[in-house]
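Take a walk through the model shown here. We begin with contacts, move to the overall fold, and end with some backbone details.

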Amino acid sequence: MTRATSAVALGILLLGAAVFGVSGAPVDPAASYAPPSLGRPLGADVLGRNQLLLLLGAGGPLLAAGAVAIAVALGGGVPLGLLRGRGRAPWAPQAIGPLGALPGPVLVAALALAFPGDILAFGLGSGLAAVEPVSVVVGARVRAFAASGAPAALRRHGLGRVRVLWVHGLLGQLGDLGRRLPLWVIGEIAVVEGALAWFADAGFAEPAPSIGKVLVAAAGGPGLLDAVVPALALCALGAARGQGVQDDG
Amino acid sequence: MRAAAGPLRAGLWAALFGWVGAQALLQVAPGAPSIARAADLWLSSGVRPGAGVGHLVLAAGLRSLGLAGSALALALLAARPLGRRWRHAALIGAAPAWLLLFFGMVAVNEAVRVSDWRPAWFPLPEGGGLAAAALAAGALALGPVGALAGAWSRGAAAAAAGDVARGAVLAGGDPRPWVEAAGDAALRAQIGAQIPALVGALVLVEPAVRVRGLGWLAWRALESRDAATFGAAAAVLAGGLGALAARRAGADR
């Protein structure tokens, strides 16, 4: 399962979220633990909800938490990276380094358990974990641009507004971040949410659908095979997050 | 001695930030402890009321260290042979450790339900036990195994396609020692990078299998709003990982 395949799985999940939304799987007590059929390819949970629609609908909360994480990571990491790149934040390693040293799952789970069920807490934890790596990537890009000789060449040609081109260079870096950051934070949130839904019953609060709860419900039902698809979705999301924003894999 | 000062200083900074962050988190979380309860920095108020947090954290830290060490040792043992035989060994690490444990538990539960098999260690007792630790170490090892075996495989493949190995072939020699050495070097370079990921998985796996390590302690302290214990666990985690990150950054320079 390559990272590209995982990104496709994530895309399908998010597209499903957009199509089905939260209300895509209505409660139907008569269909409690219904076996897989054409209408319900993954069967139904204890409340008779269509497991496949629940799984697809889980993309919505993931997308919301991911958007918060990306906003926090870029909002904190990009200005800090600009300062770092221009040597104006010598305090950054001491101030923000400890945050970057903590693994993402630790921060996500700490905030998620402190604010049980809150989607924003998942996003905030993941975003905070990403601030430091994002600032390192942006800072490296700014330093590389400054050392490339491009600013001097631009000045020689009378293009005094070098800052505009700094921003252009930065946008190029943001393009890379734009590809990697969503996969990283959404993958991380999904993995931690799944774990907390199992052992702490602290995944996304109802009525938000969650992959972890779909997995736990499916594994607790009569048909164990129903749990395979949610498990594969979690594996794909886990693989998609890779090693972070600096990962080229 | 001077070389050790950088990581030590970074570790102390990280521990301080971890402790302050933990206190701040507990103060803004719903059900925050009263100032009177939070004021006692050395005594647990929730996990084991009245117990010293130093004792709790030390005992839990040693269990976590044992678990993480066992997982890393298993990973190191398996990575080299696996990387040599399978180019796509990195795939092994795709599944989150807790998911493997989850399916392990479901499978044992199912086996117990449909057969006469009644193992004494299942369901896993509160406090973990040897079976829980073995299950957890096995599941935790798979992530690093995938990463380390993948690194060995990539390093060896790059060396096999490189000038030295080709030169050795042209000269009628055996390129395998070069290739193996390059794989080993790539594997060694990856060991440090696996530790933060291993700790991230550890804090999710410990509460799941009820092993009373640092991750379990932190979650119990957070749930019971035990400021002293949660702060101490966060400081130890942040301090250790901060020192490790500074050491790796120094090595990279």
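In chain B, 78% of the contacts between residues at least 6 apart in sequence join residues at least 24 apart. Two residues are in contact here if their C-beta atoms, placed from the backbone, lie within 7 Å.

This is a predicted model; local features need pLDDT of at least 70, side-chain atom pairs count only at pLDDT 80 or more, and totals for chains, interfaces and linings use all residues. Residues are numbered from 1 along each chain as its sequence is written, while chains are lettered from A and ligands numbered from 1 in the order in which they are written.

Chain B has 9 helices and 0 strands. Helices (H or I, at least four residues) and strands (E, at least two) are DSSP runs, numbered from the N terminus. The C-alpha atoms of chain B fill a box of roughly 80 × 60 × 25 Å along the principal axes. Of its 253 residues, 48% are buried. Buried means 20 or more other C-beta atoms within 10 Å of the residue's own, exposed means 12 or fewer, and partly exposed lies in between, with C-beta atoms placed from the backbone.

Now the loops. Arg210(B) sits between α7 (176-209) and α8 (214-223) of chain B. Its phi is positive, about 65 degrees, although Arg210(B) is not a glycine. Arg210(B) counts as partly exposed because it has 17 C-beta neighbours inside 10 Å.

Arg225(B) lies in the loop between α8 and α9 (227-252) of chain B. Its phi is also positive, near 50 degrees, in a residue other than glycine. With 20 other C-beta atoms within 10 Å, Arg225(B) is buried.

Pro207(A) is in the loop between α8 (162-199) and α9 (211-220) of chain A.
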